[in-house]
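The entries below follow the order in which I looked things up.

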Amino acid sequence: MPAEALKEVMSLTYTEFDLIRQAADGSHKAFKELFDNNVSRVYGLCSRISADRDIADELCQIVFIKAWQKLSDFRFGGKFYTWLHTIAVNEFLSMKRTQKRFIDNFAPFPSQKERSVTHETTGLKIDIESAIEKLPWQQRLAFILHDVEGFKHKEIAVMMEIEEGTSKSHVHRARKRMRDNLV
Amino acid sequence: MKCEEYEILINNKIDGEISDAEDSKLSEHLENCKSCTTEAEGLIKISGMSESLPVNFLSPYQKEKLWKSINNSISKPSVQPGLNGNSYHKKNEIERFPVFRYSIAAVLVIAVILTSFLIFSPGTSSSSAYMVLPYWKITSLSGSPVILNKKNSGKAFSGIDSFSTGEFLTTDVNSKAEIKVASIGALILEPSSKLRMIKSSETEYRVELQYGTLNAHIYSTPKTFFVETRSTIAVDMGCAYTITVDTSGDGIIYVHSGMVVLTSSNRESLVPAGKFCMTKKDSGPGTPYSKYSSAAFRNALVSFDFNNGGAAALKDILRIATQKDAATLICLMPRVDDNTRMTIYNRVNAYSPAPASMSNDSMLKPEALNDWLQNLEENINESIENSMQLFDKHLREHMEKDMEKLQRDMEELNNNLEVPKTPMPDSKSYKKFKHFEFPDITNEIQIHLDSLRFDKKQIIAEIDKAMEEVRQEIENNKMQLDFDKEQLNLELKKVNEEIKEEMKKLKEEMKKERKKRKESVKPIPPEDEEDEVKPDEPEKY
């Protein structure tokens with residue numbers, strides 16, 4: 001609806017609009033600025049959903065390369081970082097389908113092969129991060145998108161190509177599992 | 001309900017997706033169920049902690065490394081914005097010849113420096129250089145306008161988008177769009193319209209209105225913004241106007257403020273503020289007229305402008321014209337013969353004197369008539385203001401008199417109606433007056449009369465209050481406009497400074513790069529005599 005879209009892009013500054021258009025015209029400098037503004041958040045998402053640093057690096061690169069290629073398709077009706085998140089989820093799901101580096105229904109404990117991305121913060125936050133890593137990948141993805149990144153179930157359903165009810169179910173189960181793990 | 005079902009409600013509440021009825025049901029259950037309460041606390045804690053997890057996983061070194069890798073990929077010609085090629089498998093010729101690549105880079109850098117020098121040299125506006133964009137920002141105001149590219153494939157949008165040179169913007173019956181024309185103004189494309197961007201440069205912004213209605217509000221220097229139609233070109237002279245054309249190219253323009261010049265191959269019309277002007281495909285623009293012009297006058301104009309009405313139509317125009325049509329007569333001057341021109345001149349001059357600089361030659365050029373038109377406009381405005389003040393004065397006086405008269409009448413009526421109560425006839429007298437009954441209604445009449453009294457002072461006070469509110473509104477609008485102008489100027493200054501900073505940095509980097517290259521070029525060592533290649537000696541047999 002136009003009124004809602006207009007409200008959404010009220011937060012899209014003229015600078016970001018300008019950067020996106022310049023980057024779409026081929027400006028590396030403009031794209032670098034977009035990269036600087038968004039890479040932390042995108043990398044954070046890639047790290048958590050993949051639970052593997054190597055995959056997170058690769059995934060993050062793919063996200064920005066794809067974003068560069070598809071800039072002219074970006075619709076100004078939504079936020080730019082939301083669009084990057086959608087690309088990240090799509091690429092991650094693509095990886096899941098074509099590469100067999102993950103076990104579908106059960107994520108193993110962090111081992112030497114899977115270098116964890118948890119980092120030094122308070123003890124409780126380390127526990128939360130490692131609890132997230134232990135989740136099955138679908139629950140992990142839905143949980144991160146909802147509770148960490150703040151997307152609605154409707155948006156998550158579109159990104160993950162599932163039903164809204166399934167998204168809710170994943171998130172609810174993820175919370176319960178994490179709660180049990182942390183107790 | 002079982003505890004498992006309440007668990008779903010707990011999660012829905014954390015998600016913010018619970019109805020009031022479910023919420024109160026849940027609250028009631030939690031008061032009596034410890035295990036569910038513990039469960040709820042645990043889940044809320046998990047969700048809360050997850051919300052506040054840190055975002056930044058990357059060190060500056062990691063960030064730089066990541067960017068290098070991405071930049072290498074996107075620098076390949078096969079990976080460009082808008083293409084879907086696989087970036088990882090293609091190599092290109094440029095990669096095999098590093099020297100060639102460096103040469104291209106050097107040429108590009110020099111080109112950037114030269115271009116920026118031209119942009120920032122005295123006489124050019126750096127702020128306008130920054131603001132000149134090959135694309136314009138468009139916002140859908142209602143519905144989903146469609147952007148059509150040069151290949152005629154379209155994409156509907158809602159919210160914000162952009163369109164660039166060669167592209168079309170169309171609206172259907174339900175949609176409407178606003179277009180920001182770089183930094184010089186804005187357009188509104190009304191429903192059922194089609195617009196094409198022809199050009200966007202520092203000195204010229206040009207669109208084509210194929211059909212429909214366009215509202216323009218432009219605040220750039222004159223002759224910078226152009227709207228082409230099949231019958232005319234509207235040249236902006238710093239103004240706001242509305243132009244409508246149909247699919248055949250016939251149209252009409254109304255200028256809200258400022259002035260527009262309409263041109264075609266054989267005609268030119270100056271359209272001042274408050275005037276309409278028709279245009280026709282094979283004739284070009286007509287003569288501007290006021291909304292107060294009579295229908296007969298307008299018909300005579302149409303006959304003269306578009307139907308070869310000639311001398312007869314001109315005669316009608318002069319016969320029917322009143323003081324309200326003075327501006328139209330002035331605009332007509334370039335198109336008529338010398339005698340008629342002098343007739344018009346004398347007639348309008350008597351009403352609103354021509355400027356001293358007006359000569360025979362300037363009467364032939366629409367733009368040169370502008371001063372006279374402005375004087376005329378000022379005279380009209382002054383006379384309207386005087387009339388309004390006079391009207392206002394008369395109205396007040398009239399109202400005061402009416403109020404006083406009404407007050408007197410009401411008092412008189414009031415006095416006359418204070419009738420003593422009529423006693424009810426007794427049984428004896430009733431027999432005499434049995435056909436007449438006099439019910440006691442004096443109280444009711446008194447109440448009704450009281451309600452009709454009104455306070456003259458109160459009404460005058462209300463009128464004063466309303467006028468004060470209007471004055472205040474005008475004042476507020478002026479202040480807001482000044483404020484907006486100031487903000488725009490500040491932003492332009494800021495942008496200007498940012499660009500200068502960037503250019504300084506670029507120049508410094510260039511210097512460093514040159515130094516490094518000089519240092520890296522090592523002197524060629526002297527040739528060793530033993531290594532010298534000798535010409536082949538003929539073999540001796």
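**Entry 1: a cavity in chain B**

I looked up which element gives the most to the lining of the second largest cavity, and it is α12(B), with three residues. Helices here are DSSP runs of H or I with at least four residues, strands are runs of E with at least two, and both are numbered from the N terminus. This is a predicted model, where local features need pLDDT of at least 70, side-chain atom pairs count only at pLDDT 80 or more, and totals for chains, interfaces and linings use all residues. Residues are numbered from 1 along each chain as its sequence is written, chains are lettered from A and ligands numbered from 1 in the order in which they are written, and side-chain values use heavy atoms, with hydrogens and water left out.

Next I listed the lining: Arg396(B), Met399(B), Glu400(B), Ile460(B) and Ile463(B). I noted that α12 (370–416) and α15 (456–520) of chain B each supply at least two residues of it. By type, the lining has three nonpolar residues, no polar ones and two charged ones. Nonpolar covers Ala, Val, Leu, Ile, Met, Phe, Trp, Tyr, Cys and Pro; charged covers Asp, Glu, Lys and Arg; the others, Gly among them, are polar.

The volume of this second largest cavity is about 70 Å³. My search of the whole structure found five cavities of 30 Å³ or more. A cavity is a set of points, on a 1 Å grid over the protein atoms alone, where a 1.4 Å probe fits but cannot get out; lining residues have an atom within 4 Å of a point. Points are joined across faces, edges and corners, and the volume is the space filled by probe spheres set on them.

**Entry 2: chain A and its helix α7**

Chain A has nine helices and zero strands. Of its 183 residues, 51% are buried. Buried means under 20% relative accessible area, exposed over 50%, and partly exposed in between, with a 1.4 Å probe and protein chains only.

I then checked α7 (residues 137–148) of chain A. Eleven of its twelve residues are buried, so this helix is largely enclosed by the rest of the structure. Among the buried ones are Trp137(A), Leu141(A), Leu145(A) and Val148(A). Just after α7(A), Gly150(A) takes a positive phi of about 90 degrees.

Leu141(A) got a closer look. Beyond its neighbours within four places in sequence, Leu141(A) is in contact (heavy atoms within 4.5 Å) with Ile49(A), Val89(A), Phe92(A), Leu93(A) and Met160(A).

**Entry 3: cores**

Which residues have the most contacts inside the largest nonpolar core? I found Phe31(A), Phe64(A), Leu71(A), Leu141(A), Leu145(A) and Ile70(B), in a core of 62 residues. Such a core is a set of buried Ala, Val, Leu, Ile, Met, Phe, Trp, Tyr and Cys residues joined through side-chain atoms within 4.5 Å. A second, separate core has 34 residues, including Phe157(B), Phe163(B), Val181(B) and Ile253(B).

**Entry 4: chain B and one proline**

Chain B has 15 helices and 18 strands. Buried residues are 33% of its 541.

I picked out Pro222(B), in the loop between β9 (205–218) and β10 (225–228) of chain B. Is Pro222(B) buried or partly exposed? Pro222(B) is partly exposed, with a relative accessible area of 46%.

Notes
On a 1 Å grid over the protein atoms alone, a cavity is a set of points where a 1.4 Å probe fits but cannot get out, and a pocket is an open set with protein on both sides within 12 Å along at least five of seven lines; lining residues have an atom within 4 Å of a point.
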